[in-house]
Amino acid sequence: MSSNAELELTQNEMQEVEASHHEHTEHVHRDDFASKMGMWLFLLTELLLFGGLFILYMAYRFQYSHDFHIAAKELNVGVGTLNTIILLTSSLSMALSIIALQKGKKNLSINLLWSTVGLAGFFMVNKFFEWSAKFAHGLYPGSAHLLEKEKGEIIFYGMYFTMTGLHGLHVLIGMALILVVIYRIKSGTINADKYIVMENSGLYWHLVDLIWIFLFPLFYLIH
Amino acid sequence: MNKSADASNYVSYLDYKGKHTGIWAWLLSTDHKRIGLMYLMGIIVFFTAGMTLGALLKTEMLTAGRTIMDPQTYNAVFTLHGIIMIFLVIIPGIPAAFGNFFLPIMIGAKDVSFPRLNLLSFWLYIIGGVLALSSLFLQGGPIDVGWSFYVPYAIRTNSNVSLALFAAFILGFSSILTGLNFVTTVHRLRAPGMTFFKMPLFIWALYSTAWIQVIATPVVGITIVLVILERMFGIGIFDPALGGDPILFQHLFWIYSHPAVYIMILPAMGVVSEIIPTFTKREIFGYKAIAYSSLSIAFIGYFVWAHHMFTSGMSDIARAVFSLFTFLVAIPSGVKVFNWVATMYKGSIDAKVPFLFVAMFIVLFSIGGLTGLVLGNLATDIHVHGTYFVVAHFHYVMFGGTVMILFAALHYWFPKMFGKMYNEKIAKFALVFIFIGFNTMYFTMFILGYQGMPRRYWDYLPEFHNLQFISAIGAFIMVTGFLILIFNLLHGLLKGPKAEQNPWGGVTLEWTVPSPPTIENFDEIPVIEHGPYHIYKEGQIK
Amino acid sequence: MSAHSENEHVIGYMPYITIWLTLIGLTILTVSISLFDFGTLTIIVAMIIAIIKSIFVINIFMHIKYDSKVFLGFIIAALVILLVCLVFTATDVFFR
């Protein structure tokens with residue numbers, strides 16, 4: 001463990017020394033700024049991915065505004081609000097864990113990350129019960145009960161399951177990323193001098209939060 | 001000429017021995033040049049496959065009724081021709097093959113910012129290509145929906161649509177990763193002194209293209225996911241029986257696919273901006289105007305998508321707005337063409353093979369562009385929409401534009417990439433065949449479309465027979481030309497004479513390194529003081 | 001240019017906690033407002049609050065306020081294009 005950290009340090013030192021001799025080391029030269037830029041570009045692709053769904057939502061909400069109102073009454077505002085608060089809090093613990101690591105408080109950082117994962121799990125459990133309740137009421141794509149309803153309501157549930165489902169998938173990916181970060185902090189490959197992977201995972205996590213900030217009012221708050 | 005070329009420790013990227021051996025030294029290489037070369041091979045293989053399918057289509061159209069295949073096979077063949085040519089050839093075409101190879105060298109870097117991501121992107125390309133082709137042979141049968149996957153038919157048909165869509169999704173991912181990599185590379189790895197406005201114009205074009213790849217591709221990604229979900233679960237979003245709106249599918253599809261035509265053509269325009277100064281020995285006319293026009297084409301490309309949908313039943317206001325904005329694209333495109341022609345004015349033109357391809361491009365692309373005005377105009381589009389006129393138009397801009405420049409780039413950079421030279425006379429011979437075949441084939445299709453021949457039909461009325469026949473003959477002439485071109489290049493690769501470091505007198509950075517380049521490109525990262533074509537102005541190269 | 005120094009900006013825990021409290025407050029606000037019926041204004045108000053919340057998240061949690069302005073430019077470019085797509089689609093679906 002300690003020898004591992006030592007190795008890291010020497011590598012960092014080497015890179016700093018070599019940065020001045022730029023020419024021979026460019027291909028191994030670590031460029032955190034570039035990593036972050038790549039991550040931001042990736043986040044923009046995620047934004048546009050959901051953007052396509054927002055375009056559809058806009059069109060259908062205009063076309064079926066009455067049906068959307070009726071269908072949305074089936075959604076539980078309380079659970080939605082709770083999930084919003086859970087995600088906002090998990091974003092906070094993610095952000096705080098990076099600062100903790102920057103300040104060298106490795107254990108605090110790891111604990112904060114665990115609470116992020118825990119909150120994310122809590123979110124998914126809520127989501128699971130929410131979806132189960134809908135399924136129990138026969139409100140799922142292709143169900144006989146849903147097919148009897150107005151077309152706008154079918155579309156509402158189509159959009160609801162697609163958008164929250166895709167968002168849920170992102171929550172799961174985010175959880176996996178954070179678990180990797182926890183492992184790498186423990187093994188020392190992420191540390192107070194080298195934490196770009198953690199920062200990028202954090203950015204991803206905040207994006208998941210950001211998408212939810214829009215999904216919540218669009219589905220739960222249209223009474 | 002160059003110290004490193006004579007030095008005994010010179011090892012080209014082709015001979016470099018890394019930790020892997022044999023075929024893995026290529027398939028697992030993160031070297032941008034090897035990846036670029038692998039892309040190039042993939043593209044040529046897929047192009048040959050797509051061209052063969054196209055030739056089969058034309059053979060079928062030799063006579064009315066059945067010639068060699070039945071209608072369902074015809075549907076499958078034109079679909080696969082479209083998917084291969086769009087997703088596997090012209091979208092990755094220039095950026096993935098030549099962009100990967102030359103972007104780092106032309107900005108004075110040793111590699112791209114994320115070499116491993118680059119390799120992943122290549123692998124996704126291959127996986128996507130294999131999946132797309134395998135949809136032909138797996139149960140369910142070859143897809144018959146056309147490359148645009150329009151719903152509701154794409155939801156209803158029993159053919160392998162989901163698999164082909166999944167392949168397109170993976171190819172989209174590959175494209176996004178390449179774009180992301182190029183944007184970061186251009187921002188981070190330019191050589192000292194190379195400001196944005198001292199970059200070669202090919203880099204400007206690649207940079208603009210990369211932005212479209214990053215911003216537009218996800219939209220088609222989600223569209224594809226929705227169609228797959230629709231087929232699996234019946235979510236209703238695109239299914240009119242459940243209240244969905246198929247026109248919204250078309251909107252989302254073209255929000256990507258229209259900017260995608262600029263993914264196809266912008267890098268080609270960038271190559272043109274490199275080749276013209278080299279073979280006229282003139283500084284490019286209006287450097288900044290060309291650079292900005294690349295960016296503005298990329299941007300305006302987002303305002304015009306619904307001109308593909310004038311007859312779909314969307315609102316009149318939308319039709320008028322999109323028609324108006326469509327004409328705006330002509331401005332930056334015109335800026336480029338006029339600047340190229342102005343560069344040639346009073347230049348000492350050296351009509352080598354790459355330059356001849358460029359000249360051919362300007363002619364064909366102008367015809368394609370001008371007929372585009374007919375299609376962009378609401379009133380005239382109604383008459384020729386969905387006819388051979390459209391097919392001829394987009395083959396003039398995509399094939400006559402992008403693929404001709406792919407050939408130009410191949411002939412321009414061949415000596416640099418392989419260190420060998422091809423036979424120029426035979427190349428010119430092939431070029432003449434292609435030019436004659438191309439115009440015989442597609443110009444007749446303009447006339448056929450104007451007379452009312454619908455696209456994607458397996459059969460035709462007797463009065464179209466003569467022109468259909470002429471068009472098919474043109475296709476065979478063009479295929480002959482392509483075969484000559486490829487065999488000439490292969491012969492050059494195996495038996496050709498050794499190429500010089502700078503056979504054309506080019507001035508961008510790739511001509512300052514040996515042919516083929518070393519694994520690290522530069523022994524010493526160059527320091528840039530002037531714009532790329534400055535040297536011609538001084539008259540240092542005659 | 002050493003990339004490392006650009007990442008060195010360490011801010012304390014407090015700003016994050018303040019922002020978190022603000023975000024929670026805005027969430028409660030948007031839920032409470034939704035209890036009243038303002039007709040078509042409802043969605044506009046909800047979207048304005050969501051945009052304010054997302055500006056906080058992007059600026060503070062995602063560090064855009066402290067990072068290079070290049071990233072801000074990237075985000076604005078992407079958002080402008082998304083907006084163009086929304087508005088131009090609206091010219092069809094709102095006027096059909």
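1. Helices here (H or I, at least four residues) and strands (E, at least two) are DSSP runs, numbered from the N terminus. This is a predicted model, in which local features need pLDDT of at least 70, side-chain atom pairs count only at pLDDT 80 or more, and totals for chains, interfaces and linings use all residues. Residues are numbered from 1 along each chain as its sequence is written, while chains are lettered from A and ligands numbered from 1 in the order in which they are written.

2. Start with C:His63. This residue sits in the loop between α3 (41-61) and α4 (69-93) of chain C. Most residues other than glycine have a negative phi, and most peptide bonds are trans. Is C:His63 buried or exposed? C:His63 counts as buried because it has 20 C-beta neighbours inside 10 Å. The cut-offs: buried means 20 or more other C-beta atoms within 10 Å of the residue's own, exposed means 12 or fewer, and partly exposed is in between, with C-beta atoms placed from the backbone.

3. B:Arg456 is another residue to check. Its phi is about 65°, positive although the residue is not a glycine. B:Arg456 belongs to the loop between α17 and α18 of chain B. B:Arg456 has 14 C-beta neighbours inside 10 Å, so it counts as partly exposed.

4. Chain B also has cis peptide bonds to inspect. One joins B:Val151 and B:Pro152, with omega about 0°. B:Pro152 is in the loop between α6 (115-134) and α7 (153-156) of chain B. Another joins B:Ser515 and B:Pro516, with omega about -15°. B:Pro516 is in the loop between α18 (465-495) and α19 (534-538) of chain B.

5. Where is the kink in helix α16 of chain B? In α16 (residues 388-418), a kink of about 45° lies at B:Tyr412, shortly before the proline B:Pro415. The bend at a residue is the angle between axes fitted to the seven residues ending there and the seven starting there. α16(B) is mostly covered, with 30 of its 31 residues buried. After α16(B) comes B:Gly419, with a positive phi near 70°.

6. Now the helix packing in chain B. Helices α14 (residues 353-376) and α17 (residues 424-451) of chain B pack at about 10°, and their axes are 10 Å apart. That angle makes α14(B) roughly parallel to α17(B) (under 35 degrees; over 145 is roughly antiparallel, 65 to 115 roughly perpendicular, the rest oblique). On the α14(B) side, the contact residues include B:Phe357, B:Met360 and B:Leu364. On the α17(B) side, B:Leu431, B:Phe435 and B:Phe438 are among them. Residues are in contact if their C-beta atoms, placed from the backbone, lie within 7 Å. By class, this contact has 10 nonpolar, one polar and two charged residues. Nonpolar covers Ala, Val, Leu, Ile, Met, Phe, Trp, Tyr, Cys and Pro; charged covers Asp, Glu, Lys and Arg; the others, Gly among them, are polar.

7. Chain A has eight helices and zero strands. Of its 223 residues, 47% count as buried. Among contacts in chain A with a separation of 6 or more, 76% come from residues 24 or more positions apart.

8. Last, the contact between chains C and A. It takes 34 residues from chain C and 38 from chain A. On the chain C side, α1 (3-6), α2 (14-34), α3 and α4 each give two or more residues. α4(C) has the largest share, nine residues. The chain C side divides into 23 nonpolar, nine polar and two charged residues.

Note on methods: Axes are lines fitted to C-alpha atoms, for helices over the stretch in contact, and angles run from 0 to 180 degrees between N-to-C directions. Two residues are in contact if their C-beta atoms, placed from the backbone, lie within 7 Å.
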